[in-house]
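Open the model in your viewer and keep the selection tool at hand. The tour goes from the ligand to the sheet and then to a single helix.

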Amino acid sequence: MTDTSRRTFLAGAALTAGAAVTFAADTTASAQSSSGGAAAPTAPNAANYPKPPYPTDMQPWPGLASQMNPRPDHGETSYKGSGKLTGKKALITGGDSGIGRAAAIAYAREGADVAINYLPAEEPDAKEVIALIEAEGRKAVAIPGDLRSEEFCRSLISQAADQLGGLDILVNNAALQQTRPSIADISSELFDDTMKTNVYAPFWLTKAALERMGTGAVIVNTSSEQAGNPSPEIVHYAMTRAAVLNFTKGLAKELAPRGIRVNAVAPGPFWTPLQVSGGATEEKLRTFGADSPMGRAGQPAEIAGLYVAAADPMLSYSTGQIFGSTGGNGQPA
Ligand code: NAD
Ligand code: MG
């Protein structure tokens with residue numbers, strides 16, 4: 001271990017220890033139940049969330065939340081539902097980790113049955129999420145597979161709708177983000193993979209889902225503050241978040257007469273596997289979120305409520321909306 005990496009490791013250990021209370025991602029049923037019981041969820045304590053400098057423990061893509069230092073807070077011990085999505089059937093892509101996992105936990109605690117999609121390599125993370133959904137007494141469906149294939153996207157929608165007994169909410173959340181110093185370093189293969197995962201897959205999934213959806217259904221997309229304020233080293237990724245934002249607004253107009261809503265959530269910097277598995281450089285990761293007015297990265301638990309709001313039937317006049325969570329850096333567009 002070099003001096004620098006030892007210092008980073010020790011800083012990480014201190015951060016983890018300091019954040020032990022809010023970052024205990026206990027996945028046992030007794031600690032999770034939102035329906036009362038001995039161990040009721042505690043309120044999130046944002047004041048205790050880690051701040052930069054962050055440890056820079058990189059992982060190979062696609063990364064695991066369970067291997068991150070510090071572990072992200074997805075709301076495992078804090079999200080408290082109030083029946084907002086009772087009886088709904090939801091599919092969440094990238095539901096194994098990060099923002100998608102936080103949405104999956106929140107949806108289950110709001111009364112929804114939830115299917116998650118993820119890559120086969122992410123099975124350990126997915127297992128934790130399935131256990132968390134089941135701990136709420138909700139149906140949990142795990143459907144691994146690669147979204148870069150149109151055939152798989154179509155089959156994912158069929159499997160999810162068949163196993164859940166319908167489909168009311170599709171959350172297009174999975175994405176590929178791999179940093180490159182210059183456009184000269186972005187190969188056609190990486191560009192293609194980024195477009196397939198981040199633009200084609202939401203298009204294919206939405207198209208297939210609409211064949212199974214009725215009045216009251218909702219598509220929830222994931223954009224980014226990158227849509228309106230792109231960083232230079234991820235231009236290929238940032239343009240996909242702009243595309244999704246535009247897709248959200250356009251499709252909302254088409255589907256309003258059918259009673260189907262389309263909204264998007266636009267995160268700022270969030271502490272997730274995407275960032276530690278090639279989405280950010282080591283240098284950027286160390287100071288991740290430091291340039292936001294909050295001075296830190298967001299934790300997935302802090303954005304879950306916006307995914308609930310985007311799908312909430314009570315917000316029936318909200319379609320084509322972009323729900324932001326950027327730590328004070330404003331709206332993406
Ligand atoms: P994450 O790594 O936890 O989630 C991304 C997920 O995408 C992975 O878990 C993986 O299951 C899935 N995925 C990637 N390629 C796939 C493929 N080919 N087939 C199937 N699944 C695939 O990271 P996250 O940050 O929670 O990302 C969720 C969303 O949030 C993404 O749309 C991302 O663009 C957006 N976002 C993240 C940030 C941030 O700072 N973390 C900021 C703005 C927007
Ligand atoms: Mg993952």
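A residue is near a molecule if its C-beta atom, placed from the backbone, lies within 6 Å of it. Keep in mind that this is a predicted model.

Start by selecting ligand 1 and the 29 residues around it. Which of these residues come nearest? They are Gly-94, Gly-98, Ala-175, Thr-272 and Leu-274. Next, color the shell around ligand 1 by residue class: 13 residues are nonpolar, 12 polar and four charged. Then show helix 4 (98–109) and helix 9 (273–279), each of which supplies at least two residues of this shell.

Seven strands form an open sheet with parallel pairing, and their order is 3-2-1-4-5-6-7. Select strand 3 (140–144) and strand 7 (322–325): these stand at the edges with a single partner strand each, so one side of each has no neighbour in the sheet. On average, neighbouring strands of this sheet are turned by 15° against each other, direction ignored.

To find one of the bridges, pick Ala-264, whose partner in strand 7 is Ile-322.

Finish with helix 5 (residues 123–134). Its 12 residues should span 16 Å at 1.5 Å a residue, and its end C-alpha atoms are 16 Å apart, which agrees. Select Asp-125, Ala-126, Val-129, Ile-130, Leu-132 and Ile-133 in helix 5, which are buried. Why do they lie on the same side of helix 5? They cover an arc of only 160° around the axis, which puts them there.

Note on methods: Residues numbered from 1 in each chain as written. Chains lettered and ligands numbered in written order. Predicted model: local features only at pLDDT ≥ 70, side-chain atom pairs only at ≥ 80, totals over all residues. Helix = DSSP H or I, 4+ residues; strand = E, 2+ residues; numbered from the N terminus. Expected span 1.5 Å × (residues − 1). Buried ≥ 20, exposed ≤ 12 C-beta atoms within 10 Å, placed from the backbone. Arc of directions from axis to C-beta. Nonpolar A, V, L, I, M, F, W, Y, C, P; charged D, E, K, R; others polar. Pairing = 2+ DSSP bridges. Axes fitted to C-alpha atoms, helices over the stretch in contact; angles between N-to-C directions.
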